[in-house]
Amino acid sequence: MPTQPEPTPHPEHPALNTRTLDARSLRGLAHPLRIQLLASLRHDGPATASQLADRLGESSGATSYHLRQLASHGFVEDDPERGKGRERWWKAAQEGTTFSRELHRSPDPAVRGAADLFLHEIANTHTQELGTWLATSREWPEEWAGSSDMSDFTLQLTPEQLKELNEKMHALVMSYHGLSDEGSAQVRLHTHSFPRHPTD
């Protein structure tokens, strides 16, 4: 779920089907359970409200309500290939979400509050995913454990250079999008880049 404007796609690799948030759609998404539901549908595929409730440890009443709210804002939709009889299956309407920093600087305090909640929930999700990997890495074959990475770097950059670096990293990641070779697995890749004030 990218939180920066999408870089120009490489000509050999199509861009993700993404949803760019505006003030209205941000307010519709900025709820912890809605963010979790959307992420689950994107990562794990279509599901019913009951299945999502089991995945997330929630009640099916709560997941049903929030799925309908997501649908009203165009984030999820019915999956007609799976919906049979009384069971309603849901799928994500897009592969990703892009977030404009302008929303963070909105003159509307409700929009700024929704932006804060959204960004903190994404950060929490990244932390939880990394914690899950560290707790379960021994369950994976050694070649997977040896291929994972948890690194950080400190660079001295201008805002323009940081933007260029982010765009180059996004383009490199997108060059691997759509691959599904034998022996592959779903991989989560987080990027965080931000300035800091040095401590004395």
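**View 1. Glutamate 121 is buried, with a relative accessible area of 17%.** Buried means under 20% relative accessible area, exposed over 50%, and partly exposed in between, using a 1.4 Å probe and protein chains only. The model is predicted: local features need pLDDT of at least 70, side-chain atom pairs count only at pLDDT 80 or more, and totals for chains, interfaces and linings use all residues. Residues are numbered from 1 along each chain as its sequence is written, and side-chain values use heavy atoms, with hydrogens and water left out. Glutamate 121 lies in helix 5 (residues 109–136); helices (H or I, at least four residues) and strands (E, at least two) are DSSP runs, numbered from the N terminus. Leaving aside residues up to four places away in sequence, glutamate 121 touches Pro32 and Ile35, where contact means heavy atoms within 4.5 Å.

**View 2. Helix 4 (residues 60–72) has 13 residues, and its end C-alpha atoms are 18 Å apart.** The buried residues of helix 4 are Thr63, His66, Leu67 and Leu70. They cover an arc of only 110 degrees around the axis, so they are on the same side of helix 4; the arc is that of the directions from the helix axis to the C-beta atoms. Among the elements they pack against are helix 1 (23–29) and strand 4 (89–92).

**View 3. Leucine 157 is in the loop between helix 6 (142–145) and helix 7 (159–174).** Leucine 157 counts as partly exposed, at 39% relative accessibility.

Notes: The expected span of a helix is 1.5 Å times one less than its number of residues.
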